[in-house]
Amino acid sequence: MKLKALAVIAALACGTLYAQTVEVKDAWVRTTVPGQKATGAFMKVTAKDGAKLVGASSPVAGVTEVHEMKMDGDVMKMRAVAGGLDLPAGKTVELKPGGYHVMLMDLKAPLAKDSTVPLTLVFKDAKGVESKVELKVPVAAVAPGAPAAKAGDMPAMDHGKHKP
């Protein structure tokens, strides 16, 4: 019986040890407005030994998926990443607006600026061993540390051609 308990503890320790080889930095979730049912989570992920980001979950969303946005001709398309997002050994993969991201859908309530969202990321190593990283992610309108847009930053727009 003791041997079986030790085996279980060793297996759990390996999962925890593996999870520590994945580093997540600069994570944030975009704010939402009342009635908005989806938003994105963004971050920089580095896997020391290589892995795949195969899933995510959060109690604030009914559905959480790893997504990719990319241009297909003149059309921006978004889709779930089939089979997981590759994290090459030692290379940082940035999940950012307009690219790879974690999509939080079927939101249960609006996500307010300066709140936090619990987010669990699920990774799989080359041997198929899964591990999880639990995060408390800040909610913001823009990436933390990004310069705020000033009124004069946007080019002037001519709205004279709009028809009433």
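Thr 39 is buried at 4% relative accessibility, where buried means under 20% relative accessible area, exposed over 50%, and partly exposed in between, using a 1.4 Å probe on protein chains only. Before I go on, this is a predicted model, with local features needing pLDDT of at least 70, side-chain atom pairs counting only at pLDDT 80 or more, and totals for chains, interfaces and linings using all residues. Residues are numbered from 1 along each chain as its sequence is written, and side-chain values use heavy atoms, with hydrogens and water left out.

So, where does Thr 39 sit? You'll find Thr 39 in strand β2, residues 38–47; strands here are DSSP runs of E, at least two residues, numbered from the N terminus. Its side chain reaches the backbone oxygen of Arg 30 at 2.8 Å. Setting aside residues up to four places away in sequence, Thr 39 touches several others, including Val 29, Met 103 and Leu 111, with contact meaning heavy atoms within 4.5 Å.

Now, on to charges. How many salt bridges does a search of the whole structure find? Five, each being a side-chain nitrogen of Lys or Arg within 4 Å of a carboxyl oxygen of Asp or Glu.

One of them joins Glu 68 and Arg 79, at 2.9 Å from N to O. Glu 68 lies in strand β4 (residues 61–72) and Arg 79 in strand β5 (residues 75–80), so this pair ties together parts eleven residues apart in sequence. Glu 68 is buried at 12%, while Arg 79 is partly exposed at 42%.

Another links Asp 72 with Lys 77, closest N and O atoms 3.2 Å apart. Here Asp 72 is partly exposed at 45%, and Lys 77 is partly exposed at 45%.

Note on methods. Helix = DSSP H or I, 4+ residues; strand = E, 2+ residues; numbered from the N terminus. Polar contact = N/O pair within 3.5 Å; in protein donor to acceptor, adjacent residues only side chain to side chain.
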